[in-house]
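Read the sequence and the coordinates side by side. The paragraphs below go through helix packing, then the sheets, then a pair of rings.

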Amino acid sequence: MAGTLYIVATPIGNLSDLSERVKDVLISADLLLVEDTRVSAKLLNHLQIKKQMISCHAHNERERLAVLTDAAEKNLNVALLSDAGTPLISDPGDQLVAKAVELGFTIVPISGPSAFLLALVGSGLPCDRFSFEGFLPDKPKDVRDFLISLVKEPRTLVFYVSPHKLERTLAEACLLMGTRKACLARELTKMHEEFLRGTLADIKEQVGRSQPRGEYVLVIEGDRPGSSGEEDASLSAKEYEEYVRLRLEQGDRPSDVAQDAAKLFKRKRSDVYRLVVDFQKERQNRLGECNN
Ligand code: SAM
């Protein structure tokens, strides 16, 4: 009979979010599996707890399954912690919890903060249905494809965004959903906690005024009828033309723009191509006028 695996959520910035229950579990557990021993050591010091810690991060989680097997044989109680927030939420632990279930551990999640949930409930956007998307892919082309796959998603969308990718992410998202309502939550539970609300385009403009710093969650309204306060058909026609224009201005290849816009806005490729040619002519005329 295996022991218990506690999945322990820890503060994402404000140590007052530590509950008595978290403390009790950390005191009673036989072994702590933690994302980074240096980070968790600070938490344990704060609680004046001394405990054996074993690192379990993205690069060694598979190897750590053996530790769990060993703990099951010895009937030990294990606590899993990430650096901040809830383990498994854009953090390691999936494989470990699956293995613990297989080994017969009792699984006990210990509640605490998760950045996406605080951002969502503070966003002012519908929370009845939402889709947590974690971090966007690394490559710009993959980001665009990923966002295109979400354009028709009716649920509220929630993303984790690292500061050095914030401006790029907002620019890409604006191309596709610039008129939608959104909220950018920053430094949740910390001294400089901040919520920027407005359309995605408003938020992009505000962010462009200063250097992004801290931790961010981006929440975007889903594709719901009338959600942007305009008639659907006219909105989609406006967004379609805006999308094509911005992509061309960005220097993307006309054939790529035509292909993506046709797929995204369900138009005939030949029609999109005609629009592309019109915009290009318009642009060349404008450039010609500037050069004269
Ligand atoms: N497991 C964590 C959770 O439950 O929220 C998330 C870990 S993930 C590696 C880190 C990302 O979460 C950050 O890049 C940021 O997008 C978001 N995040 C974490 N703490 C945050 C905070 N205090 N304010 C805003 N976003 C935060």
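In which hand, left or right, does α7 pass α8? The model in view is a predicted one, and in it α7 passes α8 in a left-handed crossing. Two packed helices are described by the angle between their axes and the distance between the axes. For α7 and helix α8 (residues 200-207), the angle is about 155 degrees and the axes are 9 Å apart. Angles over 145 degrees count as roughly antiparallel, so α7 is roughly antiparallel to α8. On the α7 side the contact is made by Leu-166, Glu-167, Leu-170, Ala-171, Ala-173, Cys-174 and Met-177. These residues meet Leu-200, Ala-201, Ile-203, Lys-204 and Val-207 of α8. Sorted by class, the contact of α7 with α8 has 10 nonpolar residues, 2 charged residues and no polar ones.

Helix α7 also packs against helix α6 (residues 140-150), at an angle of about 40 degrees and with the axes 10 Å apart. That angle makes α6 oblique to α7. The crossing of α6 and α7 is right-handed. From α6 come Pro-140, Val-143, Arg-144, Leu-147 and Ile-148. From α7 come Arg-168, Glu-172, Ala-173, Leu-175, Leu-176 and Met-177. By class, 8 residues of the contact between α6 and α7 are nonpolar, 3 are charged and none is polar. Ala-173 and Met-177 of α7 take part in the contact with α6, and both also meet α8.

Strands of a sheet pair through backbone hydrogen bonds, either parallel or antiparallel. Here 5 strands form an open sheet in the order β6-β7-β10-β8-β9, and the pairing is mixed. Strands β6 (130-135) and β9 (194-199) stand at the edges with a single partner strand each, so one side of each has no neighbour in the sheet. From one strand to the next, the twist averages 15 degrees. Strand β8 (residues 181-186) runs antiparallel to β9, and 6 bridges join the two.

Helix α5 (residues 115-123) lies across β6, β7 (156-161), β8, β9 and β10 (216-220), and its angle to β10 is about 45 degrees.

Strands β6 and β7 also carry a ring pair. The structure holds 6 aromatic pairs. In one of them, Phe-132 and Tyr-160 have ring centres 5.1 Å apart and planes at 70 degrees, so the pair is edge-to-face. Phe-132 lies in strand β6 and Tyr-160 in strand β7, 28 residues apart, and the pair links distant parts of the chain.

There is another open sheet of 5 strands, in the order β3-β2-β4-β1-β5, with parallel pairing. Its edges are β3 (53-55) and β5 (106-110); each has a single partner strand, so one side of each is left without a neighbour in the sheet. On average, and with direction ignored, neighbouring strands of this sheet are turned by 25 degrees against each other. Strand β1 (residues 4-8) and strand β4 (residues 78-81) run parallel and are joined by 4 bridges. Val-8 stands opposite Leu-81 in β4. Helix α3 (residues 65-73) lies across β2 (31-34), β3 and β4, at about 165 degrees to β2.

Definitions and conventions. Residues are numbered from 1 along each chain as its sequence is written. This is a predicted model: local features need pLDDT of at least 70, side-chain atom pairs count only at pLDDT 80 or more; totals for chains, interfaces and linings use all residues. Side-chain values use heavy atoms; hydrogens and water are left out. Two strands pair if DSSP finds at least two bridges between them. Axes are lines fitted to C-alpha atoms, for helices over the stretch in contact, and angles run from 0 to 180 degrees between N-to-C directions. Contact means heavy atoms within 4.5 Å. Angles under 35 degrees count as roughly parallel, over 145 as roughly antiparallel, 65 to 115 as roughly perpendicular and the rest as oblique. A crossing is left-handed if the near helix is turned anticlockwise from the far one by less than a right angle, and right-handed if clockwise. Ala, Val, Leu, Ile, Met, Phe, Trp, Tyr, Cys and Pro count as nonpolar, Asp, Glu, Lys and Arg as charged, and the others, Gly among them, as polar. Rings of Phe, Tyr and Trp (its six-membered ring) pair if their centres lie within 6.5 Å; planes under 30 degrees apart count as stacked, over 60 as edge-to-face and the rest as tilted.
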